[in-house]
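Please consult the sequence and the structure shown below while reading.

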Protein chains: 2
Amino acid sequence: MSDKQTGRTMPKAQNIADEVRRRIVELKWRQGERIPDEADLAVEFDAARATVNKALQVLADEGLLDRKRRAGTRVAINPVRKATFSIPIVREQVEEAGMAYSHRVVAQRFSPIPAQIAARLGLPEGERLVHLRAVHYADGRPYQLEDRWLNPRAAPGLQQAGFRDLNANEWLVRNAPYLRAEFSFSAENADRRDARLLQTRQGQALLILHRTTWNDLGPITTVRVAFQPGHCFGAHEGRDQGSNT
Amino acid sequence: MSDKQTGRTMPKAQNIADEVRRRIVELKWRQGERIPDEADLAVEFDAARATVNKALQVLADEGLLDRKRRAGTRVAINPVRKATFSIPIVREQVEEAGMAYSHRVVAQRFSPIPAQIAARLGLPEGERLVHLRAVHYADGRPYQLEDRWLNPRAAPGLQQAGFRDLNANEWLVRNAPYLRAEFSFSAENADRRDARLLQTRQGQALLILHRTTWNDLGPITTVRVAFQPGHCFGAHEGRDQGSNT
DNA sequence: CTGATATATATGTCTATACTTATTTTAAGG
DNA sequence: CCTTAAAATAAGTATAGACATATATATCAG
């Protein structure tokens with residue numbers, strides 16, 4: 001009843017979480033039903049309450065359980081579950097695929113922000129930020145296109161960095177950690193400029209990612225990324241195989 | 001130094017996490033640098049090591065810290081951070097926007113799966129599954145289009161459910177909890193059929209979401225969702241404001 | 001019956017302590 | 001010098017105990 005998957009002994013809390021998950025998936029404990037309280041589960045699994053608590057917190061974070069003081073723990077009625085994806089550094093992504101990375105800055109100037117960008121950043125319209133447009137290439141073929149606005153007030157040292165050599169993507173990752181980020185995915189038909197820079201035809205469906213990041217000084221950057229046609233962006237949910245914990 | 005944001009006293013572990021995050025964002029502790037060990041931080045913050053451990057685990061899960069036994073804790077070199085988004089129930093999403101929800105099943109039959117679907121599900125080509133195509137409407141206008149394959153072997157009771165009345169999306173959420181899910185976003189130009197069902201023109205860029213879910217009996221369902229033109233899908237990262245914990 | 005108040009209870013959080021385990025560092029042996 | 005073994009160390013995990021806090025339920029006054 002402990003370590004079936006690998007030969008390794010799993011932590012007790014994880015075994016408990018797995019078993020509870022199993023009972024939910026196998027409909028032994030159904031949606032909305034109350035499950036035994038921590039004290040009872042602690043007895044059943046021969047563990048301390050703190051251990052059971054940790055296991056159930058994990059499941060609550062996953063959205064599988066709803067927990068409330070005094071009211072107990074219930075299987076979530078509609079498991080609004082959260083999927084995760086990670087934002088890789090473009091160069092690493094390209095190189096990991098065994099291709100040669102390069103990038104080209106198409107335009108870079110200090111200019112007043114249009115209304116749409118101002119709204120997204122929460123800054124007054126007309127404020128002057130660094131506007132940067134660049135193309136990332138994989139083996140010489142366009143890989144993605146970025147149209148970015150940078151806020152020097154939130155990223156000290158930004159003025160010095162000339163993005164001809166080091167790309168903005170990478171400079172930001174290494175020099176401007178953020179506290180909060182917002183994303184959105186959408187689809188757009190390539191306009192004339194998109195088509196030219198991505199070397200595709202006008203009207204081609206493009207996957208568009210908007211991303212904005214903030215730190216405690218304010219908005220750092222907002223970017224519109226247009227991916228090469230056919231590119232897809234993966235995410236997943238469930239046991240996290242590798243990495244930490 | 002405790003509760004600045006709200007008047008409420010925040011848990012100690014969260015204060016510690018916030019403070020460490022602040023030090024990273026303000027570059028007091030830089031990328032790749034080793035930070036004090038749990039015991040030292042416990043002294044600094046006047047907390048038990050377990051509390052510090054919990055705070056740092058959170059940051060490690062966020063991808064902000066790299067932790068290794070004996071080697072200590074370092075600020076992540078390239079913070080491959082994870083963004084989360086949630087998959088809402090279509091009907092609720094529509095109704096929350098104050099619109100009337102309806103849906104229509106376009107086709108439903110038991111048929112052998114094509115190679116591409118077989119690959120995605122990990123099932124042999126030609127296996128017979130339920131194939132379902134439906135349109136979701138908001139205030140009578142097409143909202144999204146789904147093309148779904150359902151595996152009755154992994155979802156007992158599925159055969160009985162006729163999806164004319166109850167939509168598949170909702171039936172699955174309530175009756176077939178899953179253990180693992182995979183997603184991908186992409187963009188496609190609407191083909192003739194997409195255009196007709198979404199009442200748009202052929203060639204229109206559409207945001208496409210592929211999603212596949214599994215439980216311990218195997219793959220449950222895989223679906224291709226085509227959103228109405230202009231629709232975007234949001235995600236975010238950072239302190240999670242509401243809900244659990 | 002209604003509304004205010006008290007009580008009970010399940011989860012939330014923290015602590016001190018202990019032991020485990022991966023990994024680095026050091027020491028020993030060839 | 002290289003290889004191997006031992007020691008040291010920092011995180012990983014578990015535990016019993018304690019107190020905090022939200023909230024469901026019971027109790028009581030009107």
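Glu62(B) is located in helix 3 of chain B. Helices (H or I, at least four residues) and strands (E, at least two) are DSSP runs, numbered from the N terminus. Glu62(B) has a relative accessible area of 16% and is therefore buried; buried means under 20% relative accessible area, exposed over 50% and partly exposed in between, with a 1.4 Å probe and protein chains only.

## Basis of the model

This is a predicted model, in which local features need pLDDT of at least 70 and side-chain atom pairs count only at pLDDT 80 or more, while totals for chains, interfaces and linings use all residues. Residues are numbered from 1 along each chain as its sequence is written, chains are lettered from A and ligands numbered from 1 in the order in which they are written, and side-chain values use heavy atoms, with hydrogens and water left out.

## Relation of the two protein chains

Chain A is superposed on chain B by a rotation of 180° with 0.0 Å of shift along its axis, at an RMSD of 0.1 Å. That is the relation of a two-fold axis. The superposition is by least squares on the C-alpha atoms of residues with pLDDT of at least 70 in both copies.

Of the interface residues of chain A, 100% are also interface residues in chain B, so the copies meet through the same surface.

## Helix 1 of chain B

Helix 1 of chain B comprises 14 residues (12-25), which at 1.5 Å a residue should span 20 Å; its end C-alpha atoms are 20 Å apart, in agreement. The expected span is 1.5 Å times one less than the number of residues. Just after this helix, Leu27(B) adopts a positive phi of about 60°.

Because 10 of its 14 residues are buried, helix 1 of chain B is largely enclosed by the rest of the structure. Among the buried residues are Arg21(B), Ile24(B) and Val25(B). The buried residues of this helix pack against helix 2 (38-44), helix 3 (49-62), strand 2 (65-68) and strand 3 (72-75) of chain B, and also against strand 9 (205-215) of chain A.

## Asn215(A) in strand 9

Asn215(A) belongs to strand 9 of chain A and is buried, with a relative accessible area of 10%. Its side chain reaches the backbone oxygen of Ala154(A) at 2.9 Å. Not counting residues up to four places away in sequence, Asn215(A) touches Ala154(A), Pro177(A), Tyr178(A), Leu179(A), Ile220(A) and Val25(B); contact means heavy atoms within 4.5 Å.

Backbone N or O atoms lie 3.2 Å from a phosphate oxygen of DNA strand D at Ala13(A) and 3.0 Å from a phosphate oxygen at Glu38(B). The elements giving two or more residues to this surface are helix 1 (12-25) and helix 3 (49-62) of chain A, with helix 3, strand 2 and strand 3 of chain B. The residues of the surface comprise 6 nonpolar, 5 polar and 14 charged; Ala, Val, Leu, Ile, Met, Phe, Trp, Tyr, Cys and Pro count as nonpolar, Asp, Glu, Lys and Arg as charged, and the others, Gly among them, as polar.

Technical notes. A polar contact is a pair of N or O atoms within 3.5 Å; within protein, one must be able to donate a hydrogen and the other to accept it, and residues adjacent in sequence count only if both atoms are side-chain atoms.
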